[in-house]
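Hi,

Here is the structure I promised to pass on. Have a look at it first, and then read on for what turned up.

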Amino acid sequence: MLRNTVAVLGLAAIVATAACSKPAGTLEAAADALKASDIKSIEYSGTGKWFQFGQAPNATLPWPQFDVTAYTAAVNYEMPAARVQITRKQTVDPTRVRPAPVEQRADQYVSGTSAWNMAPPAGAPAGAPPTPAPQLAAVEERTMEIWSTPQGFIRAAKANNATSTAANGGSEVTFTAGKNKYVGTINAENQVARVQTWIDNPVLGDTPVETTFSEYRDFGGVMFPGHIVRVQGGHPVLDLMVSAVKANPAVDAPVPENVKTATAPPVAVTVTKLANGVHYLTGGSHHSVAIEQADHVVVIEGPQTEERSMAVIAKVKETIPNKPLKYLINTHVHFDHSGGLRTWVDEGSTIVTHQMNKPYYEQAWAAPHTLVPDKLAQSRKAATFETVSGKHVLTDGKRPIEIHEIAGSGHNDGFLMIYLPKEKILVEADAYTPAAANAPPPATPNPFSVNLYENIQKLKLDVKQIAALHGPRLATMADLRTAIGATGSSSN
Ligand SMILES: [Zn+2]
């Protein structure tokens, strides 16, 4: 009798399971297969490659590659919150002379609408304990990473009334979380095979991010991909072989006090007169230079964001009133140096850049900017370019502005410096960044600075002042010689 009861109950359980099973390839079937509702948090780790978004060696190449010896992502889907730790080192590219790669240990957090990194404070001695540094601009990307995991995608799809359509024996599942749209592919094996979304970037606008998941296997009771590849802005940013997965670990990411109260620092632009009509515009991490011509103004560098460029534009107009900002010279395509260019296009400035960058900008700027509509997205003005290869001169007949390619630099292939022969001022970015006045010279010369020095010598530029677009102070040729250990050489 007892045995029969057990048998009947067992049969009932099987029938109940069968009744609950979902058509293969649907969101519901994937939710069951991946235990999405049981998994409140997940930790996955592995090794592979990481790539530095926005820092391609030239506009036609992928983002530069780093070898990842340790990667751990711990995600709390309920908060939502995540911590990602990466140990990485730039992969040596034998075709480029670059500073020797240094191991980096990133420790990145997001929790709700807060994001921060744990790192020793800038300028702290080696071994200083890490402190939380707010990363307000990283919230969108780090949140995207949470919903671009298999279980995270399913949870977000269910929470945001996703719609599904049948596709290739599985389904395509679409929803919007906040202002970001997600499109996921569920395959016939009830796996999340791919998640596509779009996040904002000042250069690329609505930037496609596509994460693909393959080689699913059972990691101690949880089905999870063994291989994750993420492509952002057309090139890989992550290629991870997963070696371990833990379901429901404790993932606690209390927001530090200084992060809770953090606000974006005010955008400050400080003007230093370098010569008559030549102004150094500093006040942030990235500087600009304004040069007054007879009936117009030439500005060097529109870095970072629209916010920075709007502040620079306002300061230039205040310093040099009633003249159009006719030209904006862009030193190179790295996104921290090109993120404000669209704002200058809207302002009516002609963009002066290396010839290899023009097709890239034209293509990039044609993309939609719906996530964060900038001024150009509204005005839809067409960009005008003047391109440089070798040497190019802008002049009003009185003050020539020489634009020279920095040849043979490992930093970037379309790399420009600007020289004012009358004032003997050189403007450059990333080739040489002056150290603080009392800092000792580097133990090993930076090859980008050595290359800059060689270019200055080859072109016989008589440089008295270097207005670097990074760094705490103006510099001289003597400073550059000291930095590269060339103190004994000629006056140039
Ligand atoms: Zn750069």
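Strand 19 (residues 350-354) and strand 20 run parallel to each other, paired over four bridges. Within that pairing, T353 sits opposite T387 of strand 20. Before you go further, please keep in mind that this is a predicted model.

Those two strands belong to an open sheet of seven, in the order 14-15-16-17-18-19-20, with mixed pairing. Strand 14 (270-275) and strand 20 (385-388) are at the edges with a single partner strand each, so one side of each has no neighbour in the sheet. From one strand to the next, the twist averages 20°. As a reminder, strands of a sheet pair through backbone hydrogen bonds, in either a parallel or an antiparallel way.

Which helices lie across these strands? Helix 6 (residues 306-319) lies across strands 14, 15 (278-282), 16 (288-292), 17 (297-300) and 18 (325-329). Its direction is at about 145° to strand 15. Helix 9 lies across strand 19 and strand 20, and runs at about 145° to strand 20.

Helix 9 turns up again in the second largest pocket, where it gives the most to the lining, with three residues. This pocket holds about 300 Å³ of space. Its lining is made up of 15 residues, and R342, W365, A366, A367 and L376 are the ones nearest the centre. Helix 9 (358-365) and helix 10 (375-379) are the elements that each contribute two or more residues to that lining. What kinds of residue line the second largest pocket? The lining divides into 10 nonpolar residues, one polar and four charged.

On to charge pairs. Side chains of opposite charge can pair when their charged atoms come close. The count for this model is 20 salt bridges. One of interest is E43 with K246, where the closest N and O atoms are 3.4 Å apart. The pair links distant parts of the chain, with E43 in strand 1 (residues 41-51) and K246 in strand 13 (residues 235-247), 203 residues apart.

Two backbone details to look up while you have the model open:

- The M79 to P80 peptide bond is cis, with omega near -15°. P80 is in the loop between strand 2 (65-76) and strand 3 (81-90).
- N190 has a positive phi, near 65°, although it is not a glycine. N190 is in the loop between strand 9 (180-186) and strand 10 (192-201).

Cheers

Technical notes
Residues numbered from 1 in each chain as written. Predicted model: local features only at pLDDT ≥ 70, side-chain atom pairs only at ≥ 80, totals over all residues. Heavy atoms only, no water. 1 Å grid on protein atoms, 1.4 Å probe; cavity = no way out; pocket = protein on both sides within 12 Å on 5 of 7 lines; lining within 4 Å. Points joined across faces, edges and corners; volume = space filled by probe spheres on them. Nonpolar A, V, L, I, M, F, W, Y, C, P; charged D, E, K, R; others polar. Pairing = 2+ DSSP bridges. Axes fitted to C-alpha atoms, helices over the stretch in contact; angles between N-to-C directions. Contact = heavy atoms within 4.5 Å. Salt bridge = Lys/Arg side-chain N within 4 Å of Asp/Glu carboxyl O.
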